Amino acid sequence: MLPKKQKNAYTDFYNSARYNEILEPKTILMIHLAAAMAVGCYPWMEHYFGVAKEQGITNDEIGAVQSIVMAVSAGRVRSQFREVREKVQKVKEIKGKVRC
């Protein structure tokens with residue numbers, strides 16, 4: 001669907017991230033799997049899970065990745081709800097002060 005120029009730019013960017021010379025290939029693969037889990041991208045979860053199994057990444061290692069994603073997600077929800085509680089409390093305080 002992307003025009004050729006944008007598709008090539010995306011492919012170049014993806015390949016530079018996926019096949020970088022900074023991180024170990026196993027680490028890169030596990031980060032890709034974690035990112036797919038974090039954003040809820042089923043096609044990429046399936047892809048990277050399959051590649052991880054092909055590359056010999058163990059169920060324990062995949063489970064560790066999953067637990068990190070779950071912990072970060074839970075922390076996000078906790079933080080967001082704390083912000084909501086604080087906002088509601090401020091609104092209540094303001095309404096309480098406005099009464100005559």
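## An exposed phenylalanine and its patch

Phenylalanine 13 has a relative accessible area of 57% and is therefore exposed, and its place in this predicted model is in helix H1, which spans residues 4-18. Together with Leu2, Tyr10 and Trp44, Phe13 forms a nonpolar patch on the surface, and the accessible area of these residues together comes to about 450 Å².

## Aromatic pairs

A search of the whole structure finds three aromatic pairs. In one of them, the rings of tryptophan 44 and tyrosine 48 have centres 5.2 Å apart and planes at 25 degrees, so the pair counts as stacked, given that the cut-off for stacking is under 30 degrees. Both residues of this pair, Trp44 and Tyr48, belong to helix H3, where they are four residues apart, or about one turn of the helix.

Which residues do the ring pairs link into a cluster? The cluster consists of Tyr10, Tyr14, Trp44 and Tyr48, while Tyr10 and Trp44 are also among the residues of the nonpolar surface patch.

## Confidence of the model

The mean pLDDT of the protein is 93, and 97% of its residues reach 70 or more. Among the elements, helix H3 (residues 42-54), the helix that holds Trp44 and Tyr48, has the highest mean pLDDT, at 97, and helix H4 (residues 59-98) has the lowest, at 92. Where pLDDT is low, predicted coordinates should not be read in detail.

How values were computed. Residues numbered from 1 in each chain as written. Predicted model: local features only at pLDDT ≥ 70, side-chain atom pairs only at ≥ 80, totals over all residues. Heavy atoms only, no water. pLDDT = per-residue confidence, 0-100. Helix = DSSP H or I, 4+ residues; strand = E, 2+ residues; numbered from the N terminus. Phe/Tyr/Trp six-rings, centres within 6.5 Å; stacked < 30°, edge-to-face > 60°. Patch = residues over 30% accessible without salt bridge, like charges linked within 9 Å, V, L, I, M, F, W, Y side chains within 5 Å. Areas by Shrake-Rupley, 256 points an atom, 1.4 Å probe, with all protein chains shown as cover. Salt bridge = Lys/Arg side-chain N within 4 Å of Asp/Glu carboxyl O. Buried < 20%, exposed > 50% of the residue type's maximum accessible area, 1.4 Å probe, protein only.
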